[in-house]
Amino acid sequence: MLDGEVKLVQSAVGGDSSAFGVLYDHYHAMIYRFVVIKVGRREEAEDITHQVFLSAWQKVKTYKQQGHPFSSWLYQIARNQVIDHYRAKKNDISLEKADPESFAMAVDHDADIAKKMQLETVRAAVARLKPDYQDVIILRFVEDMSLKETGAALKKSEGAVKLAQHRAIRELKEILADESSAEFQSLSIFSDEDF
Amino acid sequence: MKISDILKQFKNIRPDAEYAEKSKRAVLATPQESFAREKGWKFILRGQGVMVLLHSLETGAALVLAGFFILLATGSFSGNKYLAPVQYSVIDPNGLHAEAQAIDIQIQLANLDYSVVASTSESTSAMTAGNIKASARALTIKGTGTASNPTSTAVGDASTTAPVALSVDQALQALSQ
């Protein structure tokens, strides 16, 4: 949580654009990561992320402090935007159309081809999970959020997050085990220590 | 390599700085949705679902009113049916007719005991030359059979006939004839 976030949010709710700008700077990369892992394409992730913050700015007056970080609200908007994105492009989106190079470049510019493939394969496997499981994996293992923070962002109890995490890991392992590429054989996908 | 390590590498993902700056400027340049312009209950009930419901109600009410006025204009609508305090539907015309037929209207003629004598004597005493027609009419009731020419016989009869007391039945019979 950002220092002085409550005051910044109050100022933003009052229409202070500079306060919202500070919140934007702090959370923009986080929301962008969340989106790009889900959609796989940088351009689409940029558009969706822009829409998330645009929507947040336009509706910030309806925001109510409930003791959760401001990011929880942003994640909820982002989830809805991604759902709308897939709904609008239902017949146009497929994993094959994702651009592995584009995604891997965003992660590590200097990585070799094998590593880029590995990154994209794991991302694609995450993207094949149910949306709820994707959210849990991203928030817990990419953003290192606690169970409580994850629960607040996903509107779930800590117990529900734990259960979802357990199932998400199991499904992710199954997806990766189905893959036959050499890169996956080098991953210790069957070890519980992974998570 | 562990999957968790790969996932942690995703944290290195950063948006393009130029894009981020442009996006920020565009977002902050966009005016916020103003709720101050909304009035009354619209301001209070600004939930999306409620607003959709209210718009639907407004549209529905407008259609109902339009239909009502069209009916009024074409004259095929009668407000009495709905506005009258007594509902006509509870009144059965046939039943009312039958009930009226069943009422036993009996005029107690037996109690009608007036004396023709009195009236005759009055008419006799009040008889004058100019009052002959009225006397003749009374004699006609008596049934003298000269009703077709009352004037010619009235004078003679009036001078000779004594006052006669008629019963009610006789009077009615004479009237019926």
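Author: Start with the handedness of a crossing: it is right-handed if the near helix is turned clockwise from the far one by less than a right angle, and left-handed if anticlockwise. Helices are DSSP runs (H or I, at least four residues; strands are E, at least two), numbered from the N terminus. What you're looking at is a predicted model, so local features need pLDDT of at least 70 and side-chain atom pairs 80 or more, while totals for chains, interfaces and linings use all residues. Residues are numbered from 1 along each chain as written, with chains lettered from A and ligands numbered from 1 in written order.

Now zoom in on chain A, where helix α2 (residues 17-39) packs against helix α4 (residues 70-88). Their axes, lines fitted to C-alpha atoms over the stretch in contact, sit 10 Å apart. The angle is about 35°, on a scale from 0 to 180 degrees between N-to-C directions. The crossing of α2(A) and α4(A) is right-handed.

Who meets whom? Contact means C-beta atoms, placed from the backbone, within 7 Å. On the α2(A) side you'll find L23(A), Y27(A), M30(A), I31(A), F34(A), V35(A), K38(A) and V39(A). They meet F70(A), S71(A), L74(A), Y75(A), A78(A), V82(A) and H85(A) from α4(A). By class, that contact is made of 12 nonpolar, two polar and one charged residues. (Ala, Val, Leu, Ile, Met, Phe, Trp, Tyr, Cys and Pro are nonpolar; Asp, Glu, Lys and Arg are charged; the others, Gly among them, are polar.)

Some of these names come back in the largest nonpolar core, a set of 57 residues where I31(A), V35(A), L74(A) and I137(A) have the most contacts inside. Such a core joins buried Ala, Val, Leu, Ile, Met, Phe, Trp, Tyr and Cys through C-beta atoms within 7 Å. α2(A) gives the most to this core, with 13 residues. At least three core residues come from each of domain 1 (1-93) and domain 2 (94-195) of chain A, with bounds from an automatic or database assignment. As for I137(A), leaving out residues up to four places away in sequence, it touches V126(A), L129(A), A168(A) and L172(A).

A152(A) is buried because it has 23 C-beta neighbours inside 10 Å; the cut-offs are 20 or more for buried, 12 or fewer for exposed, and partly exposed in between. Its contacts beyond four places in sequence are H68(A) and S72(A). The C-alpha atoms of A152(A) and S72(A) are 6.1 Å apart, although 80 residues separate them along the chain.

D144(A) sits in the loop between α7 (131-142) and α8 (147-154) of chain A, and has a positive phi, near 55°, without being a glycine. D144(A) counts as exposed because it has 11 C-beta neighbours inside 10 Å. K155(A), in the loop between α8 and α9 (158-178) of chain A, also isn't a glycine, yet its phi is about 60°. With 12 other C-beta atoms within 10 Å, K155(A) is exposed too.

The contact takes 35 residues from chain A and 24 from chain B, where α1 (3-9) and α2 (17-29) each supply at least two.

Definitions and conventions: Contact = placed C-beta atoms within 7 Å.
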